[in-house]
Amino acid sequence: MLAGKPPPWDDAMGNLLTTLTKYPRFLLGFILGIFISAVRPLLAWGRRSPTAAVALIGAVVSGLICLTQILDAMLVVSGEA
């Protein structure tokens with residue numbers, strides 16, 4: 001070993017933690033990018049008229065209710081099998 005260089009395994013934990021913190025940031029950025037790309041056209045459509053905005057809100061609410069019902073049936077959250 002050279003006198004001025006530390007062994008490569010001394011800084012291994014620092015490199016590991018730096019690398020591991022990159023993945024959640026990448027995942028969050030990826031999900032937000034997809035969400036923004038999907039929502040931006042819907043917002044433009046909802047600004048056309050009040051009727052379109054009400055229809056958009058109704059579609060979002062009914063979609064969330066449908067998703068909740070599906071997940072409840074799949075995961076048996078209520079305890080009733």
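This is a predicted model: local features need pLDDT of at least 70, side-chain atom pairs count only at pLDDT 80 or more; totals for chains, interfaces and linings use all residues.

Analyst: Ala-53 counts as partly exposed, at 25% relative accessibility; buried means under 20% relative accessible area, exposed over 50%, and partly exposed in between (1.4 Å probe, protein chains only). Ala-53 lies in helix 2, where helices (H or I, at least four residues) and strands (E, at least two) are DSSP runs, numbered from the N terminus.

Residues are numbered from 1 along each chain as its sequence is written, and side-chain values use heavy atoms, with hydrogens and water left out.

Ala-52 is also in helix 2, but it counts as buried, at 9% relative accessibility. Its C-alpha is 9.9 Å from that of Leu-42, ten residues away along the chain. Apart from neighbours within four places in sequence, Ala-52 is in contact (heavy atoms within 4.5 Å) with Trp-45 and Gly-46.

Helix 2 covers residues 50-75. Its 26 residues reach 37 Å from first C-alpha to last, close to the 38 Å expected at 1.5 Å a residue; the expected span is 1.5 Å times one less than the number of residues. Just after helix 2, Val-76 takes a positive phi of about 50°.

Val-60, in helix 2, is partly exposed, with a relative accessible area of 46%. Together with Leu-64, Leu-67, Ile-70, Leu-71, Met-74 and Leu-75, Val-60 forms a nonpolar surface patch with about 690 Å² of accessible area. Patches are made of residues with over 30% relative accessible area and no salt bridge, like charges being joined within 9 Å and nonpolar side chains (Val, Leu, Ile, Met, Phe, Trp, Tyr) within 5 Å. A salt bridge is a side-chain nitrogen of Lys or Arg within 4 Å of a carboxyl oxygen of Asp or Glu. Accessible areas come from the Shrake-Rupley method with a 1.4 Å probe; for residues, only the protein chains shown count as cover.

Helix 1 (residues 12-46) holds Phe-26 and Phe-30, four residues apart and so separated by about one helical turn. The structure holds one aromatic pair: Phe-26 and Phe-30 are stacked, at 6.2 Å centre to centre and 25° between the planes. Rings of Phe, Tyr and Trp (its six-membered ring) pair if their centres lie within 6.5 Å; planes under 30 degrees apart count as stacked, over 60 as edge-to-face and the rest as tilted. Phe-26 is exposed at 60% relative accessibility, and Phe-30 partly exposed at 48%.

Overall, the protein chain has two helices and zero strands, and 4% of its 81 residues count as buried.
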